[in-house]
Amino acid sequence: MALGETGNFAAYGFAPITLIAPLGCMSVTGSAFISAMFLKENLRASDVLGMTLAFAGSYLLVNFAPNISQAISARTVQYYFVGWQFLIYVILEILIFCILLYFYKRKGMKHIVILLTLVALLASLTVISVKAVSGMITFSVTDKMQLTYPIFYIMLIIMIASCVFQVKFLNQATNLYSTATVVPINHIFFTTSAIIAGIVFYKEFLGAAFLAMFIYFFGCFLSFLGVLMVTRNREKEHLPQSYIDLGNIPGKQTLDKIQPDSNGLSRGTLPDGSDSTKSQSGEKKEV
């Protein structure tokens, strides 16, 4: 995972956000394939179809994403950072974040859309700062040292802070909802926010042809659909066994599902016409 995240971080220094972020669908489809090989999980027809759609979408993304080679220097980041487009974007994002946080904290509304929208809003700042930090490090290695500029450390602080709070809200979502529900919605929200951030901050679609943009977003749609197909109904395959099934015992009328008392000595009870049983101390114990 450390090597994978290092490669993901480095990729932002060489390629546009609008290309790197949607390719996260490959991790979901790859996990389904690896689980079938090593964990012996069933590879369903919907998994094969979902992986095919994700591969097709990724092919379109790679071929029709903005083909720009942008050197990210400290001066470039400073110019984008104080641009009116980004300032309006940040103000709107802060307002939406505060409203959702109010409903989440004060009103107790813990719907998955609210939680993952908070994650997505933070993720947009994460990808902006990650690309800035990675790009300035790359520029320092290939050209001129950029780590002496204050904007590098501002972006580094934004990257760390947004990552920490993003993980916090994502953990709360996984505690309340199943992973099979959180993963596809989070992928769609994260990718959408990352694409918007790349367009607003780094102007990655500037001068792009309409046909290329249409095919690009169609590729995003295919990748989203592929992730949904792979994760669809996945949680139903691993339902916990919350009861003991005694089956049919000859000569006894058994309860279909008997829940044992975790705090008592008994492990289930057969109905014998009485409403109480003797405990070890001889006292009556209610069933």
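## Overall make-up

What percentage of the 287 residues of the protein chain count as buried? The share is 38%, where buried means under 20% relative accessible area, exposed means over 50% and partly exposed lies in between, with a 1.4 Å probe and protein chains only. This is a predicted model, in which local features need pLDDT of at least 70 and side-chain atom pairs count only at pLDDT 80 or more, while totals for chains, interfaces and linings use all residues. Residues are numbered from 1 along each chain as its sequence is written, and side-chain values use heavy atoms, with hydrogens and water left out.

The protein chain holds ten helices and two strands, taken as DSSP runs numbered from the N terminus, with helices being H or I of at least four residues and strands being E of at least two. Read along the sequence, the order is α-α-α-α-α-α-α-α-α-α-β-β.

## Pocket and cavity

Rolling a probe the size of a water molecule over the atoms shows where empty space is left. On a 1 Å grid over the protein atoms alone, a cavity is a set of points where a 1.4 Å probe fits but cannot get out, a pocket is an open set with protein on both sides within 12 Å along at least five of seven lines, and lining residues have an atom within 4 Å of a point. Grid points are joined across faces, edges and corners, and a volume is the space filled by probe spheres set on the points.

The largest pocket contains about 1200 Å³ of space, and the elements giving two or more residues to its lining are α1 (2–11), α3 (25–38), α7 (112–142), α8 (150–176) and α9 (179–201). Of these, α9 supplies the largest share, seven residues. The lining comprises 29 residues, with E5, N8, G24, S27 and F190 lying nearest the centre of the pocket. By class the lining has 17 nonpolar, eleven polar and one charged residues, where Ala, Val, Leu, Ile, Met, Phe, Trp, Tyr, Cys and Pro count as nonpolar, Asp, Glu, Lys and Arg as charged, and the others, Gly among them, as polar. The largest cavity, of about 30 Å³, is lined by F14, A15, P16, I68, Q70 and K131.

## Rings and charges

The whole structure has 14 aromatic pairs, counted where ring centres of Phe, Tyr and Trp (its six-membered ring) lie within 6.5 Å, with planes under 30 degrees apart called stacked, over 60 edge-to-face and the rest tilted. One of them joins Y79 and Y80 in a tilted arrangement, 5.8 Å centre to centre with 55° between the planes; Y79 is exposed at 60% relative accessible area, whereas Y80 is buried at 11%. Ring pairs link Y79, Y80, F81, F86, F201 and Y202 into a cluster. The charged end of K131 sits over the ring of Y202, 5.6 Å from its centre, by a rule that asks for NZ of Lys or CZ of Arg within 6 Å of the ring centre and within 35 degrees of the ring normal.

There is one salt bridge, defined as a side-chain nitrogen of Lys or Arg within 4 Å of a carboxyl oxygen of Asp or Glu. The partners are R44 and D47, whose closest N and O atoms are 2.9 Å apart; R44 is buried at 17% relative accessibility, and D47 is buried at 0%.
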